[in-house]
Every structure is written in C-alpha cells, then in structure tokens.
Amino acid sequence: MVWKSAIPAGKSSPVLTTDRIYLTGHANGKLLTLALERKNGRLAWSREAPGNREEKRNKLNDPASPTPVTDGSNVYVFFAGYGLLSYDADGKERWRLPLRPFTNFHGMGASPVLALGKVLMICDQDQDAYLLAVDQNSGKPVWKVERPEMVHSFSTPIIHAMKSGSAEVIVPGSYQMTSYDVSSGELLWQVRGLTYQVKSVPVLDSDTVYFNGWAPGGEPSERLELPAFEEMIAKYDKNGDGKLSRDEIPKDWLPGTWDMQDLDKDGLLDSKDWQYYRMRRTSSNSAMAIRLGGHGDVTKSHVLWRYDKSLPDVPGVLLYRGVLYMVRNGGIVQTLEPSTGKLLKQGRLMKALDEYYASPVAGDGKVYMISRSGSVSVLEGGGQWRVSASGDFDEEVYATPAIADGHIWVRTATALYDFAQARLQF
C-alpha cells in the first residue's frame with residue numbers, strides 16, 4: 001500500500017490525470033466533487049454542488065454513483081440531485097447546468113463521457129428519456145435527442161472515434177443499443193434484442209463492441225408471451241376507461257413491481273406501460289458482440305454472436321489480451337473467445353462467493369476482481385485462468401478500480417487506496 005486516504009461516502013469510481021484523482025461523494029446532505037493528489041492521496045480540494053434535490057433511487061444506488069470524466073485537467077461531474085458541473089484542476093467552477101428532476105424508478109446511474117469538445121450525458125428514464133450534448137468549455141447545450149421509446153437504464157455510453165475524424169457515441173438502453181453522431185446527434189444505427197434494464201458498460205475493440213445485459217426476468221424459464229394491449233382492453237377493461245387496473249389483469253400476469261411498470265404513476269397501465277411490461281416479459285439477457293458500421297437497424301447483419309449463460313448483473317465485460325472475462329454474483333467467472341463467444345472456462349472464486357458490482361480490471365497479465373464485501377481475487381490471465389492470490393478489505397466495494405503506471409487505486413466505502421510494487425512508487 002502506497003497510501004490510504006479517508007473519503008466521504010459514494011459509489012463513483014476514481015478517474016485519473018497525471019497528478020490528480022477525481023471522484024464524487026456526499027456528506028451531511030451535500031453533493032461533493034473531490035480532487036486528491038495522485039502522489040500522496042492528500043485532498044487538493046473539495047467542492048459542493050449548489051443544490052441537492054432528493055431523487056427516488058434503489059437502496060443500492062447512491063447520490064454519488066455516476067463517475068466523473070476528465071479531459072486530463074478539468075473534471076466534469078453529474079449528480080442526479082442537481083445536474084452537470086465542471087471544475088478546473090484547481091477546483092474553480094467553470095460552469096454549471098441544472099437539469100430537471102428525473103423519473104427513474106431506481107435512480108440515475110449512468111456517467112458522463114467526453115468527445116469532440118462535448119460532454120455527453122445519457123438520461124434514460126421512465127418518462128422523457130434523452131441524450132444531451134453540452135459544450136465542454138461553456139456548459140451550454142449543443143444538441144438534445146429525445147428517446148421516447150426508452151425507459152430507465154443505467155449503462156454509460158462509449159465513444160468510437162472513426163477514421164474519418166468523426167465519432168459516434170454508442171448507447172446501450174432498454175431493448176436496444178443505438179449509435180449517434182457526436183457532432184449532430186443524428187441516429188446512425190441500432191441493434192435490437194437487449195434486455196429491458198441495462199447496467200454494464202460496453203467494451204470497444206477496433207471495429208467490434210462487446211456488451212453484457214442482464215435483468216431479472218430475462219432468463220428463458222421466466223419469459224411469458226402476453227396479449228397485445230388492444231386485446232387486453234377488449235377482454236379485461238371492465239370499466240371501459242381504456243386502461244388496465246390491478247383488478248382487471250389476471251393474477252398470473254400481474255407485474256410483481258407495479259410502480260416500475262406504471263411509468264406515469266397514475267395507478268393504471270396505459271398502452272405504453274403495457275407494451276413496456278410485455279416486452280420486458282419476453283426480453284432476453286445476453287452477452288453479445290456487435291460489428292460496428294452500417295446504418296439503420298443492423299440487428300440481423302451486425303450481431304456476431306450472443307451468449308446467455310451465467311451472466312453478470314452490473315459488472316462490465318473485460319477484454320484483455322484476447323480473452324473476454326465476466327464475473328457474476330456467487331463468484332462465478334467465465335472466459336469467452338472474443339471472435340465466437342465460445343466458452344473457454346467457467347469456475348468459482350471459492351474465497352469470494354459474493355455479490356459483484358465493480359467491473360474486473362487487468363494489468364501485468366493479471367485480472368483483478370473485487371466483490372461487494374471487499375474480497376479481492378487476483379487471477380493469472382488467460383482463457384484457462386486460475387486464482388493466484390486473494391485478500392479482503394473488510395468493507396464494501398462498489399467502485400471499479402483505476403489502473404495506471406503500475407499502480408491500482410481502489411475505492412472502498414470509507415477510503416481510497418493506492419497499491420503498487422515498491423519500485424513503482426512515486
């Protein structure tokens with residue numbers, strides 16, 4: 001351990017510049033952006049967001065879940081309780097952009113990304129979902145794309161820089177993945193067949209994107225074909241109001257989470273509510289590989305493979321030295337062949353049979369996996385991986401570690417740690 005620094009509560013992951021580590025947190029009802037000195041972990045500055053609107057969220061979510069993004073000097077942060085903010089390396093506020101309250105059943109979770117001088121923020125929610133592009137220097141909106149077909153999701157987009165000099169932002173969402181031109185917001189392509197509630201981060205390799213999507217109810221044994229809304233109204237709408245109430249839906253078909261399906265929260269299911277629920281009951285969990293390029297709906301032409309067994313809930317897929325790694329709750333680890341999706345090995349982390357929220361990371365031929373309770377497993381990388389070391393932080397870990405220059409930084413519930421070999425210390 002090079003150093004350990006106490007930090008406020010929060011679940012965002014650390015991001016790095018050459019001399020700073022940025023992260024967010026909260027304390028005493030305040031939303032905080034923090035900058036630590038990379039060499040020693042000392043707090044360089046802390047800034048409070050100008051507001052903290054209370055937002056509905058799942059008990060596992062957090063007011064400081066979204067991870068910051070940096071251009072190497074300035075930092076850009078998103079809080080569901082306020083909106084977007086930017087600070088320079090010395091902590092001076094550059095701009096602020098308040099955003100309206102969100103209608104996400106579990107709270108917001110996606111993080112901002114940077115491309116071509118823009119901060120891109122995906123705001124998928126149950127009503128009025130959109131993708132926003134903001135000028136990174138002024139904080140003024142450049143374009144906004146409405147996404148009326150989307151409901152709540154939590155996945156952070158990725159940027160694909162194209163040979164032409166332009167770039168696309170690739171956005172996983174409910175039931176489909178979409179690509180937009182960064183300069184204009186123009187829709188480029190889409191792939192159908194994602195699950196209804198995505199959380200993982202996509203991984204890019206040259207002209208291929210890898211993604212894992214899992215949500216409750218997306219397993220083959222749980223799928224259920226439900227009638228169309230028009231048929232439901234004709235058969236079950238007893239009072240003739242054109243909507244479905246709890247007592248009008250057959251008990252076997254009732255949503256277990258009514259409030260999640262009732263998107264406008266009027267106590268009834270309208271056409272959009274029912275269609276969302278109907279699609280949810282037939283959606284499929286899967287990891288997949290998608291070949292980039294094309295225009296329009298490229299589901300049939302560009303999906304290279306799908307894999308649907310023992311998938312992670314939150315952690316993203318790791319691509320490292322020609323192998324895909326996935327870790328799911330219960331400490332189940334799988335490696336896949338990137339070109340085909342073929343299973344190479346499946347096994348358990350016997351000393352870490354736990355839940356997993358942090359994504360796996362890799363360096364120096366090793367793969368690092370950290371469970372919710374802080375159990376660390378170090379794998380010797382490769383399709384036939386094996387556990388070479390293990391340890392325990394004895395406190396919860398939700399954030400994905402950061403790796404650079406022979407160091408690995410790990411955020412726990414109360415602290416940020418820097419680990420390195422002695423010869424690599426600053």
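Trainee: Which residues have the most contacts inside the largest nonpolar core?
Mentor: In this predicted model, the largest nonpolar core has 31 residues. Strands S7 (75-79), S9 (93-98), S10 (113-115), S11 (118-123), S12 (130-135), S13 (141-146) and S15 (167-172) each supply at least two residues of this core. The residues with the most contacts inside the core are Phe78, Leu84, Leu99, Phe102 and Leu120.

Trainee: Which residues does Leu99 touch, not counting residues up to four places away in sequence?
Mentor: Leu99 is one of the residues with the most contacts inside the largest nonpolar core. Two other residues named there, Phe78 and Leu84, are among those that Leu99 touches.

Trainee: Why is strand S16 described as largely enclosed by the rest of the structure?
Mentor: Gln176, Thr178 and Tyr180 point one way from S16, while Met177, Ser179 and Asp181 point the other way. Residues on both sides are buried, a term that requires under 20% relative accessible area. S16 (residues 176-181) is largely enclosed because the buried residues number 6 of the 6.

Trainee: Which residue of S16 stands opposite Val169?
Mentor: S15 and S16 pair in the antiparallel sense over 5 bridges. Their hairpin has 3 residues between the strands, and Tyr175 takes a positive phi near 75 degrees there. The residue opposite Val169 is Tyr180.

Trainee: Which residue takes a positive phi in the hairpin of S16 and S17?
Mentor: S16 pairs with strand S17 (residues 187-192) in the antiparallel sense over 5 bridges, and Thr178 stands opposite Gln190 in S17. The hairpin has 5 residues between the strands. The residue with a positive phi, near 85 degrees, is Gly185.

Trainee: In what order do the 4 strands of the open sheet lie?
Mentor: The edge strands, each pairing on one side only, are S1 (3-6) and S31 (402-404). Neighbouring strands of this sheet are turned by 15 degrees against each other on average, direction ignored. With antiparallel pairing, the order is S1-S33-S32-S31.

Trainee: Which residue in S32 stands opposite Ala404?
Mentor: S31 and strand S32 (residues 407-411) pair in the antiparallel sense over 3 bridges. Opposite Ala404 stands His407.

Trainee: Which element gives the largest share of the lining of the largest pocket?
Mentor: The largest pocket has a volume of about 1,500 Å³. Its lining comprises 50 residues, of which Lys199, Val201, Val314, Tyr357 and Ser359 lie nearest its centre. The elements that give two or more residues to this lining are strand S23 (318-320) and strand S27 (361-363). The largest share, 3 residues, comes from S23.

Trainee: Is Val15 buried or exposed?
Mentor: Val15 is found in strand S2 (residues 15-16). Not counting residues up to four places away in sequence, Val15 touches Arg20, Ile21, Tyr22, Thr67, Pro68 and Thr70. The relative accessible area of Val15 is 17%, and the cut-off is under 20%. Val15 is therefore buried.

Key: Residues are numbered from 1 along each chain as its sequence is written. This is a predicted model: local features need pLDDT of at least 70, side-chain atom pairs count only at pLDDT 80 or more; totals for chains, interfaces and linings use all residues. Side-chain values use heavy atoms; hydrogens and water are left out. Two strands pair if DSSP finds at least two bridges between them. Axes are lines fitted to C-alpha atoms, for helices over the stretch in contact, and angles run from 0 to 180 degrees between N-to-C directions. A nonpolar core is a set of buried Ala, Val, Leu, Ile, Met, Phe, Trp, Tyr and Cys residues joined through side-chain atoms within 4.5 Å. Buried means under 20% relative accessible area, exposed over 50%, partly exposed in between (1.4 Å probe, protein chains only). Contact means heavy atoms within 4.5 Å. On a 1 Å grid over the protein atoms alone, a cavity is a set of points where a 1.4 Å probe fits but cannot get out, and a pocket is an open set with protein on both sides within 12 Å along at least five of seven lines; lining residues have an atom within 4 Å of a point. Grid points are joined across faces, edges and corners, and a volume is the space filled by probe spheres set on the points.
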